[in-house]
Amino acid sequence: MAPRINARDREALRVLPRLMQRKVDGALRGSVEDLRDVVGSLNQLKDVTPLLLPVFHAQLEAYPVPNEISPDVVPVIMLAKWSMGGIVQICHNLGNNISLGERIVHDAVASKWEMLFPWMQFFSNNFLPPSQRPTVLPHGLSVSTYEALRITIHPLSTLCQFTTTGRQLMRTNPTIQAFFFRAWVIVDGLKSNDVADPLREGDKNLSALIRANMCSLSVICMEDTPASLPVSIIASAAGGTFPMASLALRYIRRMTKEVSNMPEPRLRARENVDFSSMTVCATGLAQAILFMQSLGDREGGCQELLLQIGSIRTVLSAVTTLWERLLTPAWNSSDNEPDIGLAARRRVLYIAYRYIGYSMNCANDSALVISQALQHGLLECLLRTGSSRAEHVDNTKRFDDDHDIQLLKELPRFFVFSKVLRVLHPALQRLDRVDLQERASQDPVLWEVWQAVDSAARTFTNFHELPEGAPFYRYQCCSLKCSLDFSEDDVAAYRCSGCMLTRYCSKSCQKDAWESGHRIHCRMLRSALGQMLVLRIYKFLSDYLT
């Protein structure tokens, strides 16, 4: 059956240049060359390109999806390739125009999903590795890995970006989820040369952008879905739970490497291709970390396995590698733009810190998680990634909400574990060597919290290094302006009732110490000991003194 469009759609095509109208007529008569030329002209046609959607849909409706590749279906496959490519290009040219995009994507993809999806499956099964296609393709058949990927993934991506229908399909339809995660596994194994676009020679960012797209779609798939369904589907596509966990980590490592290897943008603004690609891929990295957290958070998930195979090290390596690139200000209006500005790029780091905080609170052995994080540079990362003078920060909101501050405030309660203290002392020594005060003190909230944490950390590491049986508290006034020594049995000393650890020779020294910083340090020391241990110390001292 020859492709046909209705009279109204044909009349609308009269606004096209005459040459293009002749090409459209040739395409509707089954000319692969004319259809290729029509698709190749889409970028020049600009606003009128949606008028060509009926032409592309007509090609796909006219022929059934082949069961296999053979010489007699080569023209059908090539017409389908160019038609799918045309639909993808029209949607791609929408950019982030949500108001226009919702209508066009509905017409281009959502309303024709039952027709498009079988063709997407065909190109995925036959042109992505490992494919079912013959070793030697029939004459005239040419579909690159990049073209097959674009046809396979971009309609889903566009549908999810612009429509609630697409997001609902990704969250609830097992067939589409299995289809997507098969592609997710395939993309992980592809090299940069495998996804070269013949029309964009020399574009080294293509593989990174494709992986970033896969990361974003994988997170959509995990939102609001039944707890056991996505994990089982992903594990099936990956070949088991361990390969699934390994793939999740490998996506993070590869996205980190891709962003790191991108050329430094000469201009940090939206119109700069290198800067735009970097921000898209950095967002993809954040999505990869979110996806990994979702894998661990679900019933049947693999949080403990992820920790065993290095998730904390991988996440901190990403922060260590990319923080400077992400937080370098442009010193222009782009710093304040919601999707590419400093706040947007900082969210990548916050998602990394959120994962560490999540692991710290949910792991079977939280102290081990903190130990790993300290070994792999958590303190250095936190002090390096504070806000800078280029950022407009609400300090009250930052103290209460930002993930780096929340993580820092949580640390002292783990200082009572010996395995944490064994790695905490070397971590503090590394900080002393690199001297991050100048960088960290630009962020007043971070610096204030860090001084309290540092005080608690050094107090507890000193306890840990005392000989066995030695008292863990100091027989000395803890005011900065006084160093009066007490005897061991001096009951006249004033002891802080909050932390139960500091003592003073007088009420004035106690008040001076409180105003000089102990009001913050006290919270950290109390947090480290925990409420029950503070009460036990108080009871012991009361019994001892009476």
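Helices here are DSSP runs of H or I with at least four residues, numbered from the N terminus. By that rule, D435 is found in the loop between α23 (418-434) and α24 (437-440). The model is a predicted one.

**Overall make-up**

The chain has 546 residues, and 53% of them are buried. It holds 27 helices and 2 strands. Among contacts between residues at least 6 apart in sequence, 73% join residues at least 24 apart.

The largest nonpolar core has 183 residues. L52 and F415 have the most contacts inside this core. Helix α15 (residues 273-297) gives the core its largest share, 12 residues. What does L52 touch, beyond residues up to four places away in sequence? Its partners are L13, L16, V24, V38, L42 and L45.

**Helices α8 and α9**

Helix α8 covers residues 113-127, and helix α9 covers residues 145-162. Their axes come within 9 Å and cross at roughly 145°. The crossing is left-handed. From α8, the residues in contact are W113, M120, F123, S124 and F127. From α9, they are T145, A148, I151, T152, P155, L156 and L159. By class, this contact has 9 nonpolar and 3 polar residues, with no charged ones.

T158 also lies in helix α9. Is T158 buried or exposed? T158 counts as buried, because its relative accessibility is 2%, under the 20% limit. Leaving aside neighbours within four places in sequence, T158 is in contact with C91 and V105.

**Cysteines**

How many disulfides does the structure hold? It holds 0. In general, a disulfide is a covalent bond between the sulfur atoms of two cysteines. C505 shows how the cut-off applies. The closest cysteine sulfur to that of C505 is in C509, 3.6 Å away. A disulfide needs sulfur atoms within 2.5 Å, so this pair is too far apart for a bond.

C215 is placed in helix α12 (residues 206-222). C215 and F291 are 76 residues apart along the chain, yet their C-alpha atoms are separated by 7.5 Å.

**Exposure of selected residues**

| Residue | Relative accessibility | Class |
|---|---|---|
| C215 | 1% | buried |
| C505 | 27% | partly exposed |
| C362 | 42% | partly exposed |
| D435 | 55% | exposed |
| W331 | 63% | exposed |

C362 is partly exposed because its 42% falls between the limits of 20% and 50%. W331 is exposed because its 63% is over 50%.

**Two loop residues with positive phi**

Most residues other than glycine have a negative phi. W331 is not a glycine, but its phi is positive, at about 55°. Where is W331? It sits in the loop between α17 (311-327) and α18 (342-362).

D435 also has a positive phi of about 55°, and it is not a glycine either.

How values were computed: Residues numbered from 1 in each chain as written. Predicted model: local features only at pLDDT ≥ 70, side-chain atom pairs only at ≥ 80, totals over all residues. Heavy atoms only, no water. Axes fitted to C-alpha atoms, helices over the stretch in contact; angles between N-to-C directions. Left-handed = near helix turned anticlockwise from the far one by under 90°. Contact = heavy atoms within 4.5 Å. Nonpolar A, V, L, I, M, F, W, Y, C, P; charged D, E, K, R; others polar. Buried < 20%, exposed > 50% of the residue type's maximum accessible area, 1.4 Å probe, protein only. Core = buried A, V, L, I, M, F, W, Y, C linked by side-chain atoms within 4.5 Å.
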